[in-house]
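Have a look at the model first, then read on.

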Amino acid sequence: MLLTALGGLFGYGVERPAETLVKLAQQGDEEAEEQLISSHIPFVKKTAAQVCKRFIDDNQDEYSIALLAFHEAIRQYRPGHDASFLTFAHMVIRRRVIDHIRKESKRLEFSHDFMASPNEDHHNHIGDRASADFHTEQERAGKRREEIIQFEEMLSAFGLSFQVIAKVSPAHEDARRNAIQIAQLVAETAEYKQYLLDKKKLPVKDIEELVQVSRKTIERNRKYIIAMALLMMSDLHYLKDYLKERLN
């Protein structure tokens, strides 16, 4: 049913869903790749527009960046390892457009950077080293404890706790990775993030349109997805580093 909905939305038949077209494209089928790209131009523009928070047309750099990212997603997508192709492509496009925006921002600020004096730069490096040395393992452990307390408070606002999350955590690694990718989709999409914070629930209907996972599965993993999204949206760097280690 979900594939039927996606087919109607993006203009291809049920017998040739995105994953099938990706597989053919990866095998060198240029016609399949062209069909995949042309039918997903609105998806590419919408994703770029969500990042830029403005309308994106064919003549803007962000559109070119997003289209290149979609090509990248086609090449790198791994069925069985990643979530649905559209979820994977959505995240690749977002990352590349964000990288582009950051690079442009740094380029514009470069004229101010070169004005720093050599002595000032030297002292900054010394300060950085001293600061790094100051963070002992004991202090890091204390910081981790503080973050755990903060995360507990964040979960509490959503009627959740560490105990609850431990119980509802998906048992299989693939299911857990899929749930985390959905959480990342929520955390990296401004409108989904705001919906979660305002409504204290997931925008399940919108998520359904982007992932090859049933509504029932999303609902079953709802609490775990919310917890992971909250963590990704937070400044709890130690806990996020632990999550990254789990995923690598």
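This is a predicted model: local features need pLDDT of at least 70, side-chain atom pairs count only at pLDDT 80 or more; totals for chains, interfaces and linings use all residues.

**Notes for a first look**

1. Next, turn to helix H2, residues 18-26, where Ala18, Glu19, Leu21, Val22 and Ala25 are buried. Looking down the axis of H2, you will find these buried residues within an arc of 160°, so they line one face of the helix. Just after H2 comes Gly28, with a positive phi of about 100°.

2. Now for the largest nonpolar core, which has 61 residues. Which of them touch the most other members? They are Phe70, Phe85, Leu196, Leu202 and Ile218. Helix H14 (residues 222-233) gives the most to this core, contributing nine residues. Domain 1 (18-108) and domain 2 (159-247) each supply at least three residues to the core.

3. Phe70 deserves a visit of its own. Leaving aside residues up to four places away in sequence, Phe70 touches Leu36, Ile37, His40, Phe43, Val44, Phe85, Ala89 and Ile93. One of these contacts, Phe85, is also among the core residues that touch the most other members.

4. Finally, a word on annotation: an unreviewed UniProt entry places the short sequence motif "Polymerase core binding" at residues 61-74. In the model, that span is 100% helix and 0% strand, and its end C-alpha atoms lie 20 Å apart.

Terms used: Residues are numbered from 1 along each chain as its sequence is written. Side-chain values use heavy atoms; hydrogens and water are left out. Buried means under 20% relative accessible area, exposed over 50%, partly exposed in between (1.4 Å probe, protein chains only). Helices (H or I, at least four residues) and strands (E, at least two) are DSSP runs, numbered from the N terminus. The arc is that of the directions from the helix axis to the C-beta atoms. UniProt positions are given in the numbering used here, feature names are shortened, and annotations may be inferred rather than shown by experiment. A nonpolar core is a set of buried Ala, Val, Leu, Ile, Met, Phe, Trp, Tyr and Cys residues joined through side-chain atoms within 4.5 Å. Domain bounds come from an automatic or database domain assignment. Contact means heavy atoms within 4.5 Å.
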